[in-house]
Amino acid sequence: MNSAFLDFSLTDIAKALRRREVSAVDLVEASLSRIEAYDPGLKSFITVFEAQARQVAEASSTLLDAGHDLGPLHGIPIALKDNIAVKHSRTTAGSKILRDWMPAEDATVTARLRQAGAILIGKTNMHEFAWGGTSANPHYGSVRNPWDRERFAAGSSGGSAVAVAARFCYAAMGTDTGGSIRLPSAVNGTVGIRPTYGRVSNHGIVPLAWSMDTVGPMTRTVEDCALMLGVVAGFDRADPASASCSCADYLRGLKDCVRNLRIGVIPGYFFHHLQAAVYSSLKSALATFTELGAQIVEIPMPDIEGNISAQLTVEAAEPSAYHQRYLRERPEDYGDDVRTLLEVGELLLATHYIQAQRYRAMLRAAFLDAFGKVDVFICPTLPFTATRVGETTVVIEDGVAEDMLSAIMQFTGIASLTGLPALNVPCGFDADGLPVGMQIIGKPFDEATLFRVGHAYQDATDFHKRSPDLGL
Amino acid sequence: MNKQRMIDLEGVRLLAQRADLDIPSERAGQVAAILSVWQADAVMLARRMSESRFDALTPVTTFSHGIRSEGDAL
């Protein structure tokens, strides 16, 4: 089996399929072979749809040969995080509690991927119920980072990022409440977008925190990410938070330049308290944008410091409401860390939750006001590179150990609280060869600009072209 | 963090009782450790949000996208 095709981007493999240089059957067989060979050491999948994927691949090949092209994802293996419903296939949300749940219908994003011709290759591993940032899962194994298997994959969509980085599939869907698409994308060297809240339907996805939950694609290139978002985005009557405004064509204008783009940075916050490699990678990325003709604009935002507390309060309280019944009936079926966080969330004060929600309104207004002066903000996605598997604290600087959950959300909480879209793009590697990610935050529903900025960066750099050596 | 705001095991037991939640005594310590830190930070945030400059601010529950709002992409 020629597995070289697995190194192609989604965009390029779609062209190769239509030129008949490769078939959907070839892609699925290569994908399944690679998963079988390497995933036991990475734990990125909970369920692999071997028989179903082979059947669909045969049908996809037959259809394409007969001139029936279902859409941009025709014949391409795609993975889904295991909190996204797939009809009549188990959807565990990484939990023991939902170990045997077989949804009666597809999530909206699942249905849209199928309609675009995607072949569902499997369901990816994750932090239990998406409530955590490490993807250390006590029920299905800890997801390992393909760049160094002793390092974590971050989370909660760790399996999706690893599946893409390890070339098991061409794209995967993740979910992002406090950073769960962007964080694993950053530490595994992939691209991932948290869309504007309401841009992509959450219908059929096991919730974490209703007021911040989003679902989005994870890929190896920005162009692939734009293509995927175009497939899954759009209004859905089944999701009460779904936005009714029309979607942009995310591929049109993708290759436009970034000359005169105004990039906002928050002095004293965006480049403060970072590991050295993260600092230098982000500074280099901003220098690259400057060379491309963009301008850096400092936007002071004195109230930004409260964002982590607001994030943790909302993200703790809402899941504890969703899980109240299970926490009383089956507490021993949760992993220890998630059970503790759910218990903590039960004990928070209502006034503190409301103050956090008022903080969100203030922060969103501050960012909307700032977007009169800048087009995007750029900051690190997280302040450190992948830590060792199992660690619950992290040292960022000065030898001081910090709580992992608070530290990991230093920058991702901003878009989560404000509902703004944010894109992770690989922007470097540390001395140990671990990826660094930058986060591009944009205006509501302006994902097209994020893709244009990210694509311009990938056009000028080659960080996204490196792949982990799984043979180590 | 203000030591006076540390939540001890008895504090966790009382809060859990009010929430009708059984937290076994052997788990109360780890709940107290996290809750103490988060609660202290939440108190600081609540103080900030109680400043008069925020008197007119209403909380976010979910965002409404039914009509175009200020700052939205055109």
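This is a predicted model: local features need pLDDT of at least 70, side-chain atom pairs count only at pLDDT 80 or more; totals for chains, interfaces and linings use all residues.
Residues are numbered from 1 along each chain as written, chains are lettered from A and ligands numbered from 1 in written order, and side-chain values use heavy atoms, without hydrogens or water.

User: What volume does the largest pocket have?
Analyst: A pocket is an open set of points on a 1 Å grid over the protein atoms alone, where a 1.4 Å probe fits, with protein on both sides within 12 Å along at least five of seven lines; lining residues have an atom within 4 Å of a point. Points are joined across faces, edges and corners, and the volume is the space filled by probe spheres set on them. For the largest pocket it is about 630 Å³.

User: Which element gives the largest share of the lining of the largest pocket?
Analyst: Helices (H or I, at least four residues) and strands (E, at least two) are DSSP runs numbered from the N terminus. Helices H11 (336–346) and H13 (404–408) of chain A and H2 (25–49) of chain B each supply at least two residues. The largest share, five residues, comes from H2(B).

User: Which residues lie nearest the centre of the second largest pocket?
Analyst: This pocket holds about 520 Å³ of space. Of its 20 lining residues, those nearest the centre are A:Tyr269, A:Glu305, A:Ile308, A:Ser309 and B:Asp41.
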